[in-house]
Amino acid sequence: MGGPPFSDDNAAMIAAAGAIAFQRGRRDSLFLDADPSLPLSEEGWL
């Protein structure tokens, strides 16, 4: 696994994707299951 210098980029990319989805009106329940294999380009995300 990469150290902290490499993990910050992933967190920033996920935060940016979430901010874009939020600005576009995307809202979800707080009771979601995590699925790390979903692509960000899936319909409705970005």
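These are my notebook entries on a predicted model of one protein chain.

Entry one, the overall fold. I looked up the secondary structure and found 1 helix and 0 strands in the protein chain.

Entry two, the surface. I checked how much of the chain is buried: of its 46 residues, 4% count as such. The accessible surface comes to about 4,300 Å². I noted that 62% of this area belongs to carbon and sulfur atoms.

I searched the whole structure and got 1 salt bridge. I then looked up the partners, which are the side chains of Arg 26 and Asp 28. The distance from N to O is 3.1 Å, and I counted the pair because the cut-off is 4 Å. Side chains of opposite charge can pair when their charged atoms come close.

I searched the whole structure for aromatic pairs and found 0. I next asked which charged end sits over the ring of Phe 22. The charged end of Arg 27 does, and I wrote down 3.6 Å as its distance from the ring centre.

Technical notes
Residues numbered from 1 in each chain as written. Predicted model: local features only at pLDDT ≥ 70, side-chain atom pairs only at ≥ 80, totals over all residues. Heavy atoms only, no water. Phe/Tyr/Trp six-rings, centres within 6.5 Å; stacked < 30°, edge-to-face > 60°. Lys NZ or Arg CZ within 6 Å of the ring centre and 35° of its normal. Helix = DSSP H or I, 4+ residues; strand = E, 2+ residues; numbered from the N terminus. Buried < 20%, exposed > 50% of the residue type's maximum accessible area, 1.4 Å probe, protein only. Areas by Shrake-Rupley, 256 points an atom, 1.4 Å probe, with all protein chains shown as cover.
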